[in-house]
Amino acid sequence: MAQIFANSVDSAFIILQIDNAYLPGDDFRVKYDIELAMRQSVESDIHWLRKVTDDTNVTWLQLETAIKALKVELLFMKKNHEEEVKGLKTQIASYGLTMELDAPKSQDLSRYGSDYHIVQCSTLAVSFLYDQKMDVE
């Protein structure tokens, strides 16, 4: 009977050692799966960022090209405008036209400012007298 008990204790000890041997393997498997998922996520992010960088570079080149085209167009428009202005000036000079503005004489606004100042002072004085009278009663 003691031998059966000793064998069963040895058997339980061996089973415990086998289970303990599996635990680190399971831990490493879980860690491996987590690290693999993290690596795949990072690789996916890197791929997305490279695509964004490429798209940004293409857009940058397109905008630079558009800016160059607009600068050329602006220079062309300035040149045309100068030519049109010169043409109109020569046309006006050939017709002998003169322009004069017929505007009314400007008014002296300082007069209104001083009137406004007098009204403001009067309003303050009346308000002060009213407040004093109300405090006395």
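Predicted model: local features only at pLDDT ≥ 70, side-chain atom pairs only at ≥ 80, totals over all residues.
Start with the whole chain in cartoon view. The protein has two helices and zero strands. Of the 137 residues, 0% count as buried.

Next, select Asp26 and Arg29. Their side chains form a salt bridge, with 3.2 Å from N to O. The two residues are three apart in helix H1, so about one helical turn separates them. Arg29 is exposed at 52% relative accessible area, while Asp26 is partly exposed at 36%.

Move along to Arg39 and Glu43. This salt bridge has an N to O distance of 2.9 Å. Here the spacing is four residues in helix H1, again about one helical turn. Arg39 is exposed, with 54% relative accessible area; Glu43 is partly exposed, with 40%.

Then select Lys51 and Asp55. Their closest N and O atoms lie 3.2 Å apart in a salt bridge. These residues are also in helix H1, four apart, and therefore about one helical turn from each other. Lys51 is partly exposed at 48%, and Asp55 is partly exposed at 40%.

Finally, select Val30, Ile34, Met38, Val42 and Ile46 and show their surface. Together they make a nonpolar patch of about 430 Å². Pick out Met38, which sits in helix H1, residues 2-95. Met38 counts as partly exposed because its relative accessibility is 46%, between the 20% and 50% cut-offs.

Key: Residues numbered from 1 in each chain as written. Heavy atoms only, no water. Patch = residues over 30% accessible without salt bridge, like charges linked within 9 Å, V, L, I, M, F, W, Y side chains within 5 Å. Areas by Shrake-Rupley, 256 points an atom, 1.4 Å probe, with all protein chains shown as cover. Salt bridge = Lys/Arg side-chain N within 4 Å of Asp/Glu carboxyl O. Buried < 20%, exposed > 50% of the residue type's maximum accessible area, 1.4 Å probe, protein only.
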